[in-house]
Amino acid sequence: MLNKSFYSFLFLMLFTHRSKHFSIFVISIILVFILSSVMFISTSLSKDIQYTLNSQPDFVVQKMKAGEVIDIDLSLIEKIEQIYGVKNVTSRVYGKYFFKPLKQSFTIVGVDFFEEQNSKNLKTLSKKLDMSKFLEKEYMIIGSGVKKLFDKFKYDKSYFFTTPLGESIEVEIYDVLDDTTSLLSNDMIILPKELAKIVLGLDEFKASDIALNVPNELERANAKVEIILKDDNLRVISKDDMKSYYLNLFNYKTGLFLVLYIVVILTFLLILYQRYSMINSSDKKEIAILKAVGWSIKDILKLKVFENFLVAFFSFSIGIILSFIYIFVAKAPFLMQIFLGFSNLDFSYELTPYIPFGSIVTLFIFYVVPFLCVILIPVWKIATVDVIKSIK
Amino acid sequence: MIEVKNLYKIFNQNKKNEFTALENVSLFIPKEQIVLLKGVSGSGKSTLLSIISSLQKPTSGDVIVDGEHIAKLPDLHASKFRNEKIGYVFQDFNLINSLNVFHNVMTPLIVQNLSKDEIKAKVINALSLANIKHKKDEFVSNLSGGEKQRVAIARALVCDANILLFDEPTANLDKQNSLKFLSLLEDFKKLKKTVIIATHDSIFEQSNVIFETINMQDGKIV
């Protein structure tokens, strides 16, 4: 029966029933929009985090005292370098700097630009970086969130840091980090390591932590144990731990949305089922008339399946397209705040467009199949009822 | 040829409100004849028509139409039989109000796997036969009772069914339109259709194309 005239009649019926389908169409778009927005943002964030964390060292070693992180002795570097398989052991300097005008904190990161790994990472982050020029005097590279705040308070060329000893140091802005990296660098100020120590009040022979790489994956577990054996008060964080921390943070929020969505979609399906169960007399009569003129139950179900499939398909597609625009073009206002609320500065983060086709197909199946089922069961019931009764 | 043998139709069987609509009905209607089923309201005329058209199944008995036993046909075959062999015109016409005349008449042809051009030709032909072609683009909700009946007749004729069943065709028509319907019977005779008309209207006594009048009372043929 699936000939051209069937499709013409299908579109004719769809058009004549447009007012009946409109509310379902709109609700469907909203539901798909909400879920796919959450799906797009969480997938994109996860991908970006993985990408950003890939450039991080394999391990970070911190010194703990009474459950808190304290500055670590640089003498430990030598001891760690002796462990088999460990490479690129470097000290890192970072900490919070309180920005009085807005009562907010920046993250200061001190970098030794002569270290090969740091220089490479910085070049990835800042495309304009000319190392020789950068090292001529005291410069800083800032995240996009910091730049916004500096601009607001007219620190467009330089900023005066106040050290814990009360001294004032002027540092010029060399470059602003790209928005695509701002997931982790939004509130970041990158300074030469020695200058960062002064600004943060760190002792000359101390660092915030120690970073290191273990290129051979099989040696990583052993290296971790060996480091801990050097000092009971050391905490060793692997790159995978960091990844899981961030991913769990987003997965937890995605999960909350998912639970809410399931509740909403079940309610929607229930309403849909009730609506079609209480199908009005004109709809019943229409089905009975088609039966009376020679349509079989199968033909009627086919018509209704196609009719409602088109409603579900187009509402699903529009919902997906709108959410894509909302997330990747409009930069997800409101939703971004929910997902990235841990930052202390406003975000101007640009999500990398990523379409999780597998998830979209799964979502489509789990949306359209129940959608069609809840409509078809009552329609089938009506189609099997006595035509004469329905017509009367 | 339509043959009905020992037909029973009992509604709500074995329940408190059991009701026998047809009791041991047997009749024979020869091919290409126009037959009148006469009886008061509730005498079982409409039930008999719905069983002959396979819209309802009998409780027992047999119905043979052109050599085919249709009483117990499964849905798929019953609908095919209805689509190809029966043209049913209901008392209330039962048209789809949200569609225009052309689309209403087209509905039985959608399941016949025909091309668009074939459908168009058949619909125009049926509309011409029923003399309602000039209203083909009109929505049926805007038509008069007589016009609606012509649309229903066009729909019954569109599949070129040999058997036409009319349930109280003049009940919703004024005298002028009822007389017009009588003149249509002559056209059906020329088209060599087998026609059964269930009615209690005496106007049909004026027609000279009626082959036989079968009287019904309390579900029985009298």
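Is A:F6 buried or exposed, and what is its relative accessible area? A:F6 is buried, with a relative accessible area of 0%; buried here means under 20% relative accessible area, exposed over 50%, and partly exposed in between, using a 1.4 Å probe and protein chains only. Keep in mind that this is a predicted model, in which local features need pLDDT of at least 70, side-chain atom pairs count only at pLDDT 80 or more, and totals for chains, interfaces and linings use all residues. Residues are numbered from 1 along each chain as its sequence is written, chains are lettered from A and ligands numbered from 1 in the order in which they are written, and side-chain values use heavy atoms, leaving out hydrogens and water.

Let's start where A:F6 sits, in helix α1 (residues 4–16) of chain A; helices are DSSP runs of H or I with at least four residues, numbered from the N terminus. α1(A) packs with helix α12 (residues 297–329) of chain A at an angle of about 60°, their axes 10 Å apart. On the α1(A) side, the contact (heavy atoms within 4.5 Å) includes A:F6, A:F9 and A:M13, while among the α12(A) residues are A:L303, A:F306 and A:L310.

Now look at helix α6 (residues 144–152) of chain A, where the buried residues are A:S144, A:G145, A:V146, A:L149 and A:F150. After α6(A) comes A:K154, with a positive phi near 65°.

How values were computed
Helices (H or I, at least four residues) and strands (E, at least two) are DSSP runs, numbered from the N terminus. Axes are lines fitted to C-alpha atoms, for helices over the stretch in contact, and angles run from 0 to 180 degrees between N-to-C directions.
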